[in-house]
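This report is for a reader who is new to the structure shown below. Please look over the sequence and the model before reading on.

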Amino acid sequence: MASAWPNSVSTRVPQGHDLRPVAGSRAHGQPPRICGCLAGRRTVRSGLGLPGDHAWDFDELAATIGTLIGSDVTFRNLTPAAHADMLTGFGLDAGLVGFVVGLDTDIRDGLLGETTGDLACLTGKPPTPLAAGLARAS
């Protein structure tokens, strides 16, 4: 099955094919690095996540934003029910509320804190640190 995301790298390799990226992909011209990154994978059908080298938490995010804006920012850990009530009060629909609460719960519990080094391996450079990424986005 082809990926729904343009220019994404898939680890699914049909039998008899290699891992060379197709012309026009962002990875074109980089097959040795990509093949080297994917070579150690045991599950060919697994997705390729692109985590950074450092897993931040909400306290670090709040502190980093506070530093960037020059003001105190505090993270308030809400129960999932209180979080859902707050988001509903902001006008988000039930589906989006469930998604955001689930995602934030997974982040809080460290389930998205994997640091594999895949991003640096594929790009050949270190990932952008949290503060630099937030500063660039502002």
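The sections below cover the model, its confidence, its helices and some of its residues.

## Basis of the model

This is a predicted model, in which local features need pLDDT of at least 70 and side-chain atom pairs count only at pLDDT 80 or more, while totals for chains, interfaces and linings use all residues. Residues are numbered from 1 along each chain as its sequence is written, and side-chain values use heavy atoms, with hydrogens and water left out.

## Confidence

The predictor's confidence in each residue is given as pLDDT, on a scale from 0 to 100. For the protein chain the mean pLDDT is 76, and 64% of the residues reach 70 or more. Helix α3 (residues 80-89) has the highest confidence, at 96, and helix α1 (residues 31-39) the lowest, at a mean of 61.

Over residues 1-25, pLDDT stays under 50. For this stretch the model has 30 contacts beyond four places in sequence, where contact means heavy atoms within 4.5 Å.

## Overall make-up

The protein chain has 6 helices and 0 strands. Helices (H or I, at least four residues) and strands (E, at least two) are taken as DSSP runs and numbered from the N terminus. Along the sequence the pattern reads α-α-α-α-α-α.

Of the 138 residues in the protein chain, 17% are buried. Buried stands for under 20% relative accessible area, exposed for over 50%, and partly exposed for what lies in between (1.4 Å probe, protein chains only). Among contacts in the protein chain with a separation of 6 or more, 59% join residues 24 or more positions apart.

Two packed helices are described by the angle between their axes and the distance between the axes. Axes are lines fitted to C-alpha atoms, for helices over the stretch in contact, and angles run from 0 to 180 degrees between N-to-C directions. Helix α2 (residues 58-69) packs against helix α6 (residues 130-137) at an angle of about 50°, and their axes are 10 Å apart. That angle makes α2 oblique to α6; angles under 35 degrees count as roughly parallel, over 145 as roughly antiparallel, 65 to 115 as roughly perpendicular and the rest as oblique. The residues in contact are Glu60, Leu61, Thr64, Ile65 and Leu68 from α2, and Leu130, Ala131, Leu134 and Ala135 from α6.

The crossing of α2 and α6 is right-handed. A crossing is left-handed if the near helix is turned anticlockwise from the far one by less than a right angle, and right-handed if clockwise. One of the α2 residues in this contact is Thr64, which counts as buried because its relative accessibility is 13%. Leaving out residues up to four places away in sequence, Thr64 touches Leu130, Ala131 and Leu134.

## Helices α3 and α4

Helix α3 and helix α4 (residues 94-108) pack at an angle of about 140°, with 10 Å between their axes. The two helices α3 and α4 are therefore oblique to each other. Their crossing is right-handed. On the α3 side the contact is made by Pro80, His83, Ala84, Leu87 and Thr88, and on the α4 side by Val97, Val100, Val101, Asp104, Thr105 and Arg108.

His83 lies in helix α3 and is buried, with a relative accessibility of 13%. Apart from its neighbours within four places in sequence, His83 is in contact with Leu78, Val100, Val101 and Asp104.

## Two loop residues

Trp56 is in the loop between α1 and α2 and is partly exposed, at 33% relative accessibility. Its contacts, not counting residues up to four places away in sequence, are with Leu61 and Leu130. Trp56 and Gly113 are 57 residues apart along the chain, and 7.4 Å separates their C-alpha atoms.

Val73 sits in the loop between α2 and α3. With a relative accessible area of 31%, Val73 is partly exposed. Residues up to four places away aside, Val73 touches Ala62, Ile65 and Gly66. From Val73 to Leu61 the distance is 9.1 Å, C-alpha to C-alpha, with the two 12 residues apart in sequence.

## Salt bridge

Side chains of opposite charge can pair when their charged atoms come close. A salt bridge is a side-chain nitrogen of Lys or Arg within 4 Å of a carboxyl oxygen of Asp or Glu, and by this rule the count is 1. Arg108 and Asp109 form a salt bridge through their side chains, at 3.0 Å from N to O. Arg108 is partly exposed at 35% relative accessibility, and Asp109 is partly exposed with a relative accessible area of 43%.
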